[in-house]
Amino acid sequence: MPHALIRAAAAAACLLLVSGARAEHLLVSNEKDNTVTVIDGESLAVVKTVPVGARPRGIVLSKDAKSLYICTSDADHIEVLDLATLTVTRTLPSGPDPELFTLSPDGATLYVSNEDDNMVSVLDIAAGRIVSEIAVGVEPEGMGISPDGKILVNTSETTSMAHFIDTATHQVVANVLVDSRPRVAKWTKDAAQIWVSAEVGGTVSVIDAASHQIVTKIRFQIPGVPAESIQPVGIALTDDRKRAFVALGPANRVAVIDAQSFAVEKYLLVGQRVWNLAFSADGKRLYTTNGVSNDMSVIDVGALEVVKSVPVGRLPWGIVVAP
Amino acid sequence: MPGLCRLALAVIALAALVPPAAAQTTIDIAYLGLAAKRTLPLSYLDQPPTDEGLQGARLALADNQTTGRFLQQTYHLEEAIEPDGEGVLAAFKRLAAAGYRNFVTDLPAALLLQLADLPEAREAAILDATSTDDRLRAEDCRPNVLHLLPSRAMLADALMQYLAVKQWRRILLVAGPEPADQAYADAVRRSARKFQIRIVEDKPWTYDPGARRTDTGHYAIEAEVARFTQGISYDVLVVADEADNFGDDLGYRATDPRPVAGTQGLTPTAWARPFEQWGGTQLQNRFLKQAGRWMTDRDYGAWMAVRALGEAATRSGSTDPAKIRDYLRDPAFELAAFKGARLTFRPWDGQLRQPVLLADARSLVSVSPQPGFLHEVSELDTLGIDRPETSCRMP
């Protein structure tokens, strides 16, 4: 009897602990539905589907974690979703056709890629205005900012380059030619490398941040999957840079990579056209958006297994984890 | 007077040519087209644009310029649209003499061959942006010519693969009288054999409806199509009518309710208005903004041609035409053209490997190759003439 009691108490404590660790929400932008799906991080149940502007794609959390910035591409602006009330409280200018953006580490500036006019717009969030435009290659897309906020890396899809931009001067300081149609640029936490996925080239280029040289190109091969359908997009790197995950688009798999040796360890089968990735705050789970199957896959990072899929809206695109 | 004018224009054109001797940093591209004398299509909803092809080349030029800025490379596009074959050949010689080596062409097969066989063309890279003729990829292939748009064989294979997947294996083939229609029908016949599609009847379309747009003209058309298709048991009517003379009249009017595919209805094509996958929306938007009209497959072919030259210049890091020409055929060459897959040139016939869209006027239906059609090298090579069966003999 006391044993059972203790066991029950321990179980309750565990449950509390777990729910404490997972008291977070997942936010998914649905490009075709013009909505953001809010999912409870513990139960993985859909809490709410919030209507937003036309064609929401890139999403990013504000520094105080109270708002979500949303690139509503066809509405040609950025919407600010208040996470307490789940309503859009403000819109910000973005330049035409904003697709993706990144937030400066101090939380004051958004750098927005304007896919239709070959520009990166620099948005002062407090003032609500664009303070500068930086000319880049054709169809700017991926945006990655260095942990110290000094260097912005932008990829341009048709130009196939990663542009390194000095955020103090807004000058392009280096251009690195990568494989065709680069999508996502991700800095390692130690600021030593930038990983850039090339959707059509089928590779991930690892670029040395100091020398701007390509350290290696990671290639993917999956038995039974045509090489043409291996299209790397989303990248997630663990903070210790031990492991990387790369979403392979219509190959419907996430590649697990040893980030030190660059060897591909495993391919995890997820939903169809897997696009972007996000870790849970504790790093134990990895979430994926699957654009064609309209769901989100949940990967157990420790076991390297896909444990669940959660239906969301149509053409889920971006994913963010909010506390 | 017109002769004088032409002479004057030629002189002006000559004067405007920048000798690419100073071309250390400039990639010079010449666009050669034949001013189209197109007849009006059956439906007056889609008037043939006069700048078809050219607008695609211009858009790709702008794309190349943007990229070139970061590499200290600039691009120049010289446009020469001539009224006749003689004019095209003269323009080609003039441009070749001025140092041009990169050519993008919008020319019929016979004229393209004449041009490619000129001694001045030996060092040239000729990118055929708009033809679909299989013979240019077969017995009439040339080592200095590359083809951007899918050949008729590829188009037919794309459609037949889809019919095979749908298990619509019995087709009624209806071919128009024009040589292009016959070539399209030949491609369908070959492809039907390849994918075990049965042509239950192979009928020529000879009916001349006269003044079909006059009041009550539709009765005659409907009666004729019903009569034409009576007593035939088939799944799909496949039509070969490249000039849009009658194909649109076949839908909804046959005796049995059967879909129409081929040059009308469900159409295999390199580009289509409803296409928005793999970032295609971006290209559609940029083209609309520039040209004020929708992009056609010929515009897309020209866009790919100029982009291919840009890609070769970027990747080879060179403006030297010889290096660009070699890089186009290098195994490392790849073109991203909004189809998801990387596109490369087949070494055996100079054809660009690519997925083929299946679309009607308002929706994208599918994209071939269809899943399940396997190939040891590239699934894209299940479309068109593969290496073992090619009759192209490059020197």
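Student: How many residues of chain A are in contact with how many residues of chain B? Please go on from there to the sheets of chain A and the helices of chain B.

Tutor: This is a predicted model, in which local features need pLDDT of at least 70 and side-chain atom pairs count only at pLDDT 80 or more, while totals for chains, interfaces and linings use all residues. Residues are numbered from 1 along each chain as its sequence is written, and chains are lettered from A and ligands numbered from 1 in the order in which they are written.

In this model, 21 residues of chain A are in contact with 16 residues of chain B (contact: C-beta atoms, placed from the backbone, lie within 7 Å). On the side of chain A that touches chain B there are six nonpolar, nine polar and six charged residues. Here Ala, Val, Leu, Ile, Met, Phe, Trp, Tyr, Cys and Pro count as nonpolar, Asp, Glu, Lys and Arg as charged, and the others, Gly among them, as polar.

Now the sheets of chain A. Strands of a sheet pair through backbone hydrogen bonds, either parallel or antiparallel. One open sheet of chain A has four strands in the order β20-β21-β22-β23, paired antiparallel (strands are DSSP runs of E, at least two residues, and helices runs of H or I, at least four, numbered from the N terminus; two strands pair if DSSP finds at least two bridges between them). The edges of this sheet are β20 (235-237) and β23 (264-269) of chain A, each with a single partner strand, so one side of each is left without a neighbour in the sheet. Within the sheet, five bridges join β21 (residues 243-247) to β22 (residues 253-258) of chain A, and F245(A) stands opposite V256(A) in β22(A).

Another open sheet of chain A has the order β24-β25-β26-β27, again four strands with antiparallel pairing. Strand β26 (residues 295-300) of chain A pairs with β27(A) over six bridges, and M296(A) has V310(A) in β27(A) as its bridge partner.

Last, the helices of chain B. The axes of α9 (residues 297-316) and α10 (residues 321-328) of chain B come within 9 Å and cross at roughly 105° (axes are lines fitted to C-alpha atoms, for helices over the stretch in contact, and angles run from 0 to 180 degrees between N-to-C directions). Therefore α9(B) and α10(B) are roughly perpendicular to each other (65 to 115 degrees; under 35 is roughly parallel, over 145 roughly antiparallel, the rest oblique).

Note on methods. Two residues are in contact if their C-beta atoms, placed from the backbone, lie within 7 Å.
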